[in-house]
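Here is a short report on one protein model. Please read it alongside the sequence and the 3D view.

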Amino acid sequence: MRTARCHALITIAALALTALATPAQAKPPTTERAVLAPNDGWAAADGGTTGGSAADPAHIYTVTTWAEFRKALADAAGSPSVIRVKGTLDALSDSQGTSLTCDDYAADGYSFATYLATYDPAVWGRDTPVSGEQEDLRAASAKNQDAQIKAYVPANTTIVGVGRDARILGGSLQVKDVDNVIIRNLTFEDAFDCFPQWDPTDTELGNWNSEYDNLVLYGATHVWVDHNTFTDGRRPDSEQPYYYGRLYQQHDGELDIVRGSDLVTVSWNVLADHDKTMLIGNSDSAAATDRGKLRVTLHHNQFKNLVERAPRVRFGQVDTYNNHYVVQQSGYGYSFGIGIESQLVAEKNAFTMPTGVSAGRILKKWKDSPVTTANNYVNGKYVDLLAVHNAEVPEETLRPDAGWTPTLRTKVDDPRAVPHLVDGAAGAGKLR
């Protein structure tokens with residue numbers, strides 16, 4: 001009996017010592033210390049993505065205003081850092097938090113009414129880009145806004161929203177020429193251009209062109225964008241006026257990945273209610289910086305009520321799987337844009353499409369590049385997206401087989417389950 005009792009006591013003591021010796025292993029990292037899981041898309045390659053998970057206490061910031069946010073980014077300066085966003089950061093506010101308007105950024109002498117009168121196609125014509133005093137003043141006004149609403153993210157940084165209502169309003173987050181960044185649990189709303197430029201030579205009818213993406217990766221590597229919401233929010237295109245018969249477009253992209261960016265995972269986000277949603281590669285002439293890069297994984301995202309670019313791809317090896325595309329009744333252009341030297345793999349995605357909008361429009365050929373589509377479902381039924389596209393749009397026939405097989409994936413869900421899974425768990429405020 002004493003022997004059995006001794007063995008029991010020894011066992012209990014050993015278990016207690018084990019528990020004391022390894023408390024960290026029993027407790028998962030907090031959201032702000034989280035790192036990208038192994039094999040979770042391209043951002044897991046070549047060392048993975050850890051953001052600011054190693055931040056010391058001096059480099060953990062909680063910010064409640066745009067000014068505090070930009071100061072924290074500057075103070076971080078590449079040291080492992082965590083920036084916790086609490087509430088709404090209004091990018092159009094001064095250092096005291098007072099809200100500003102577009103008029104506060106207008107250069108002296110700039111008048112939108114005068115701009116409209118000067119460059120009216122009936123006066124200026126449609127063959128020559130605009131120039132002259134009002135265009136110069138518009139550009140100066142745009143420069144003033146640019147300096148206010150852009151925020152630059154340093155390397156080795158995690159930016160994470162606190163709770164369910166963390167929001168960046170009217171701001172443009174720039175991840176430029178840096179490595180190892182994590183952005184999670186934020187709503188990005190309405191990065192709008194106060195001073196769009198009229199270009200009479202953009203299409204036969206001309207166009208208003210705007211700047212500012214909600215989030216842009218420019219020459220960035222190892223970036224994980226997870227559980228965010230991107231939306232035009234308070235200022236949808238549907239409520240904007242027309243000038244010269246063209247929409248006064250004040251929005252650019254929601255999330256653009258350009259200029260040699262590489263090793264990016266975009267997971268469990270909502271991208272909604274927008275026109276030009278996501279570029280992966282922004283120019284056919286950027287082969288020098290983009291060829292062999294722009295490796296991006298998109299999985300378990302909801303793309304809802306969008307016109308186009310979900311995504312439009314140039315050059316990159318892009319893996320899109322288990323995403324849910326909710327297509328709007330009117331105004332839909334396409335989802336997957338096939339561009340120069342692109343290698344898009346689109347597998348096990350789900351599409352919810354209204355009556356009268358054909359699955360043949362999901363693909364759009366911009367340049368002759370092969371594409372892999374497999375096991376995609378439309379309204380709960382299997383559809384061969386490539387075959388349907390080629391049958392319905394023979395003048396834009398696409399070739400099969402992107403020439404590579406993705407291996408950096410974690411759990412791959414049945415596409416028939418994707419709408420329920422993604423709609424219930426994607427976006428800001430749903431991080432578990």
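This is a predicted model: local features need pLDDT of at least 70, side-chain atom pairs count only at pLDDT 80 or more; totals for chains, interfaces and linings use all residues.

Residues are numbered from 1 along each chain as its sequence is written, and side-chain values use heavy atoms, without hydrogens and water.

**Disulfide.** The structure holds one disulfide (a pair of cysteine sulfur atoms within 2.5 Å). Cys102 is joined to Cys194, S to S 2.0 Å. The link of Cys102 and Cys194 is left-handed, with -75° about the S-S bond. The pair links distant parts of the chain, 92 residues apart. Helices (H or I, at least four residues) and strands (E, at least two) are DSSP runs, numbered from the N terminus. Buried means under 20% relative accessible area, exposed over 50%, partly exposed in between (1.4 Å probe, protein chains only).

**Helix α4.** Tyr115, Leu116 and Tyr119 are buried in α4. They sit on the same side of α4, because they cover an arc of only 95° around the axis (taken from the directions from the helix axis to the C-beta atoms).

**Largest pocket.** A pocket is an open set of points on a 1 Å grid over the protein atoms alone, where a 1.4 Å probe fits, with protein on both sides within 12 Å along at least five of seven lines; lining residues have an atom within 4 Å of a point. The largest pocket has 22 lining residues, and Glu211, Asp213, Asp252, Asp256 and Asn282 lie nearest its centre. β7 (172–176) gives the largest share of the lining, three residues.
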